[in-house]
Amino acid sequence: MASGASIPTIDLSPFITPPELGGQSNGHVSTKSRSMSRKVVKEEISKACSEYGFFQIVNHGIPVELMNTSLELAKTFFEYPEEEKIKCVAGPGVPKPAGFSKQPEHSPDKNEYLSIFEAGSPHNVLPQNPPQFKGVLEDIFARYSNLAFLVQNIINDCLELPPDFLKDYNNIRTSDFLVSLYYLPASDIGNSGKSEHEDGNVVTFVLQDDIGGLEVLHNGEWIPIPPAPGTLVVNVLSNNKFKSATHRVVRPKETTRNSYAFFYNLDGDKWVEPLPQFTTQIGEPPQYRGFYYKDYVKARVMDRINPPARLEDRFCIKHYAITNSGGA
């Protein structure tokens with residue numbers, strides 16, 4: 001890009017205990033050194049969230065081999081005939097998202113997806129083929145959940161919130177879900193894989209295959225986020241102290257694209273509003289009005305089922321923006 005901007009990549013290793021040490025702290029790294037390293041990581045994350053709303057992480061503790069295997073199995077699954085994939089379609093009464101689905105024909109976004117909740121959820125409709133796919137999905141879901149818990153705690157410190165504030169507030173995990181996405185090749189009439197939007201959950205992880213296509217809007221320019229081995233893309237949300245950045249997926253020509261998105265969500269009955277630490281206590285007006293998270297989720301699901309004709313009519317977190325507060 002002409003601006004030369006790129007999404008920061010942050011080494012998370014100061015927060016990760018090497019598994020070969022049996023869960024014990026590394027004796028070769030002093031407590032003071034580790035504390036200083038963690039301080040640097042927090043500063044890097046704060047800067048990335050303030051400027052971009054996105055960053056990438058490496059050395060995050062999830063095995064690269066497992067990440068690659070999950071992408072390979074997903075590709076195999078989505079290349080199965082339709083009759084195999086529809087075995088994972090959720091039945092009546094199962095909340096969305098769950099199981100296999102695809103975008104409606106009239107949607108500009110051309111993708112198929114498989115959504116799962118945590119292991120043991122009664123809403124899961126997990127694939128039986130490829131044979132190892134179900135186990136890999138359950139394994140990597142648990143690892144994403146643990147990593148999101150860690151990132152949430154780091155964000156808590158970056159925002160200078162009271163200790164364990166986000167942990168105690170976002171303490172119900174039944175609404176988290178993992179989506180495996182399969183994007184069709186671009187055509188002469190369109191290349192949208194996922195139209196521009198903002199996420200409304202606490203933490204999102206994105207794992208891309210080597211095709212790429214994820215882009216984030218920064219200072220009016222679309223910045224590509226090139227895939228890199230072992231790297232996860234992270235997106236977070238707050239009252240615009242940390243941006244909920246606009247992003248999209250552009251489909252490549254002549255090839256498909258696979259990715260995963262993990263959503264570390266709030267429970268639907270949680271009331272969401274800007275905290276006084278970022279508004280009244282510092283003399284700043286809130287930039288969003290309060291809402292129940294379940295209302296937001298319901299509106300997003302309805303958009304997915306019946307996409308509006310105009311992109312600007314799609315429901316997103318900016319629906320709750322207070323326009324007279326100086327922008328969203």
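1. In this predicted model, Lys102 and Glu112 form a salt bridge through their side chains, with an N to O distance of 3.7 Å. Lys102 belongs to strand E3 (residues 99–102) and Glu112 to strand E4 (residues 111–116), so the contact ties together parts that are ten residues apart in sequence. Glu112 is buried, at a relative accessible area of 8%, whereas Lys102 is partly exposed, at 33%. Both residues also take part in a network of salt bridges with Glu82 and Lys85.

2. Glu215 pairs with Arg248 in a salt bridge whose closest N and O atoms are 2.8 Å apart. This pair links distant parts of the chain, Glu215 lying in strand E8 (residues 214–218) and Arg248 in strand E11 (residues 247–250), 33 residues apart. Glu215 counts as buried because its relative accessible area of 15% is under 20%; Arg248, at 23%, is partly exposed.

3. A salt bridge also joins Lys42 and Asp157, with 2.9 Å between the closest N and O atoms. Here the linked elements are helix H1 (residues 31–51), which holds Lys42, and helix H4 (residues 133–158), which holds Asp157; the two residues are 115 residues apart. Lys42 is partly exposed, at 24% relative accessible area, and Asp157 is partly exposed as well, at 37%.

4. The count of salt bridges in the model comes to 14.

5. Arg310 is located in the segment after helix H6 (293–305). With a relative accessibility of 46%, Arg310 is partly exposed. The C-alpha atoms of Arg310 and Pro108 are 10.0 Å apart in space, while the two residues are 202 residues apart in sequence.

Key: Residues numbered from 1 in each chain as written. Predicted model: local features only at pLDDT ≥ 70, side-chain atom pairs only at ≥ 80, totals over all residues. Heavy atoms only, no water. Helix = DSSP H or I, 4+ residues; strand = E, 2+ residues; numbered from the N terminus. Buried < 20%, exposed > 50% of the residue type's maximum accessible area, 1.4 Å probe, protein only. Salt bridge = Lys/Arg side-chain N within 4 Å of Asp/Glu carboxyl O.
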